[in-house]
Amino acid sequence: MLVSIAMGTAIAFITTIASTPTKRSRSPVSHGDPNWLLSPFRNPNFTTKRSPKSPSPSTTPMRAYASSAIGAANEALDASSPGLIGANDLLIVGPGVLGRLVAEKWREDHLGCQIFGQTMTSDHHDELINIGINPSLKGTKATNKFPYVVFCAPPSRTPDYLGDVREAASSWSGEGSFLFTSSSAPYDCNDNGPCDEDSPVVPIGRSPRIDVLLRTENAVLESGGCVLRLAGLYKADRGAHMYWLKKGIVDSRPDHIINLIHYEDAATLLVAILKKKLRGQIFLGCDNHPLSRQEVMDIVSRSGKFSKKFEGFTGTDDPLGKKLNNTKTREEIGWEPKYSSFAQFFEVSE
Ligand SMILES: NC(=O)c1ccc[n+]([C@@H]2O[C@H](COP(=O)([O-])OP(=O)(O)OC[C@H]3O[C@@H](n4cnc5c(N)ncnc54)[C@H](OP(=O)(O)O)[C@@H]3O)[C@@H](O)[C@H]2O)c1
């Protein structure tokens with residue numbers, strides 16, 4: 001049963017997005033992945049062009065498979081068959097780096113469940129099938145609704161992010177959970193100061209990119225779904241550090257504080273939230289170990305894991321960042337990250 005946030009569900013961290021009073025800042029886009037909204041860090045294996053073999057979304061039926069064993073040659077069934085979707089089946093809109101980790105962790109806890117993945121193109125459908133995710137294209141008319149739906153596609157490749165997320169919400173049955181992965185960018189802090197789940201967000205109208213996120217978050221909350229605002233995602237070969245390393249010289253100030261969370265930890269947090277079946281709450285995903293840009297690249301250099309040398313940050317007057325703390329999320333969800341800091345992941349002392 002879908003419970004709307006207006007119905008008085010316990011709302012621990014809900015942020016009144018449109019009406020929150022805030023102070024002004026010059027550049028509100030400030031999380032660990034500096035140009036995340038422009039998506040410069042997409043997996044190089046993920047091309048943005050539509051594959052010539054990609055069928056049009058309107059002609060591709062959602063397929064469901066008889067078995068969800070990874071790599072099994074499953075027999076395709078029509079997804080409209082009654083009783084096909086089980087109580088623990090999961091739809092992942094955007095089964096990219098994070099989405100695939102979520103699939104892996106969800107399956108560990110729900111043996112035999114079916115996992116469906118909705119993508120922009122069919123470019124990676126074979127890969128998805130090989131890891132036991134039943135792929136379909138965004139825009140495909142879904143005949144089934146799913147008890148668990150996760151939206152983890154970035155805003156960078158669609159002119160209508162809100163519409164895409166609404167479409168995902170309409171695929172949710174209202175049982176289980178619906179979770180949208182947002183960003184910590186909306187928090188209105190640009191002086192390297194503290195920031196947590198309850199901090200004010202940028203007012204609507206200041207930044208078109210943040211407006212899209214906030215409006216989308218609001219639509220999710222109104223549908224009874226939850227929002228997870230993530231800090232900059234990283235793994236060894238992906239994240240802000242790789243973007244900076246590739247550039248060599250970066251025209252941003254070195255003392256800007258960024259916030260991070262390892263992809264695996266973001267996935268375990270996401271799964272833990274999904275399993276709680278909560279309604280209309282906003283959570284924050286970060287490792288509680290904010291670092292300056294310079295500190296991040298010092299760790300990269302000391303790790304000895306990269307042959308390329310980073311030359312430096314040259315900015316002097318661009319905005320500062322924020323120091324995220326998600327103690328409330330940890331307490332409510334009962335979650336801790338495996339990698340408590342970027343330095344710990346790279347086995348470097350700070
Ligand atoms: N990266 C960060 O630092 C960061 C920070 C804060 C929040 N986030 C959020 O974290 C989530 C996961 O990030 P990620 O790095 O794992 O993403 P990712 O790997 O770039 O995700 C790519 C996947 O999303 C699909 N996709 C892209 N646009 C779509 C759309 N409009 N509708 C449906 N599918 C779409 C792609 O389809 P194809 O297979 O066709 O390419 C692919 O399956 C995203 O929601 C992102 O906004 C990221």
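Visitor: Let's start with β9. Which residues point which way from β9?
Guide: Cys226, Leu228 and Leu230 point one way from β9. Val227 and Arg229 point the other way. All of them are buried. Keep in mind that this is a predicted model.

Visitor: Why is β9 described as largely enclosed?
Guide: 5 of the 5 residues of β9 are buried, so the rest of the structure largely encloses this strand.

Visitor: And why do side chains in a strand point to two faces?
Guide: In a regular strand, side chains alternate between the two faces of the sheet.

Visitor: Which strands does β9 pair with?
Guide: β7 and β9 pair in the parallel sense, over 5 bridges. β9 and β14 also run parallel, joined by 4 bridges.

Visitor: Which residue stands opposite Leu228?
Guide: Thr181 stands opposite Leu228 of β9. On the β14 side, Leu230 stands opposite Gly285.

Visitor: What holds paired strands together in general?
Guide: Strands of a sheet pair through backbone hydrogen bonds, either parallel or antiparallel.

Visitor: What is the strand order in the sheet?
Guide: The order is β5-β4-β3-β6-β7-β9-β14. That is an open sheet of 7 strands, with parallel pairing.

Visitor: Which strands stand at the edges?
Guide: β5 (133-137) and β14 (282-285) do. Each has a single partner strand, so one side of each is left without a neighbour in the sheet.

Visitor: How many degrees are neighbouring strands turned against each other?
Guide: On average, neighbouring strands of this sheet are turned by 20 degrees, direction ignored.

Visitor: Go to β4. Are its residues buried or exposed?
Guide: Buried: 5 of the 5 residues of β4, so the strand is largely enclosed by the rest of the structure. Ile115, Gly117 and Thr119 point one way from β4. Phe116 and Gln118 point the other way.

Visitor: What does β4 pair with?
Guide: β4 (residues 115-119) pairs with β5 in the parallel sense, over 5 bridges. Strand β3 (residues 90-93) also runs parallel to β4, with 4 bridges joining them.

Visitor: Which residues are bridge partners of Ile115?
Guide: In β5, the bridge partner of Ile115 is Ile133. Leu90 has Ile115 as its bridge partner in β4.

Visitor: What about the nonpolar core? Which residues touch the most other members?
Guide: The largest nonpolar core has 76 residues. Ile92, Val102, Val150, Leu270 and Ile273 touch the most other members. Helix α6 (residues 263-276) gives the largest share of this core, 7 residues.

Visitor: What is Ile92 in contact with, leaving aside neighbours within four places in sequence?
Guide: Its contacts include Val102 and Val150. Among the others are Ile115, Phe116 and Gly117.

Visitor: Switch to helices. Which strands does α4 lie across?
Guide: Helix α4 (residues 208-222) lies across β7 (172-183) and β9 (226-230). α4 runs at about 160 degrees to β7.

Visitor: How do α5 and α7 cross?
Guide: Their axes come within 10 Å and cross at roughly 80 degrees. That makes α5 roughly perpendicular to α7.

Visitor: Which residues make that contact?
Guide: From α5, Ala240, His241, Trp244 and Leu245. From α7, Val296, Met297 and Val300. They divide into 6 nonpolar, 1 polar and no charged.

Visitor: Where is Lys247?
Guide: Lys247 lies in helix α5 (residues 240-247). Lys247 has 13 other C-beta atoms within 10 Å, so this residue is partly exposed. Lys247 and Gly312 are 65 residues apart in sequence, yet 9.6 Å apart in space, C-alpha to C-alpha.

Visitor: And where is Leu320 found?
Guide: Leu320 is in the loop between β16 (312-313) and β17 (322-324). Leu320 counts as partly exposed because there are 18 C-beta neighbours inside 10 Å.

Visitor: What is Leu320 in contact with, beyond neighbours within four places in sequence?
Guide: Asn190, Asp191, Asn192, His256 and Ile257. Ile258 is 62 residues from Leu320 along the chain, and their C-alpha atoms are separated by 9.0 Å.

Visitor: Last one. How many helices and strands does the chain have?
Guide: The chain has 9 helices and 17 strands. Of the 350 residues, 44% count as buried.

Methods: Residues are numbered from 1 along each chain as its sequence is written. This is a predicted model: local features need pLDDT of at least 70, side-chain atom pairs count only at pLDDT 80 or more; totals for chains, interfaces and linings use all residues. Helices (H or I, at least four residues) and strands (E, at least two) are DSSP runs, numbered from the N terminus. A residue is buried if 20 or more other C-beta atoms lie within 10 Å of its own, exposed if 12 or fewer, and partly exposed in between; C-beta atoms are placed from the backbone. Axes are lines fitted to C-alpha atoms, for helices over the stretch in contact, and angles run from 0 to 180 degrees between N-to-C directions. Angles under 35 degrees count as roughly parallel, over 145 as roughly antiparallel, 65 to 115 as roughly perpendicular and the rest as oblique. Two residues are in contact if their C-beta atoms, placed from the backbone, lie within 7 Å. Ala, Val, Leu, Ile, Met, Phe, Trp, Tyr, Cys and Pro count as nonpolar, Asp, Glu, Lys and Arg as charged, and the others, Gly among them, as polar. Two strands pair if DSSP finds at least two bridges between them. A nonpolar core is a set of buried Ala, Val, Leu, Ile, Met, Phe, Trp, Tyr and Cys residues joined through C-beta atoms within 7 Å.
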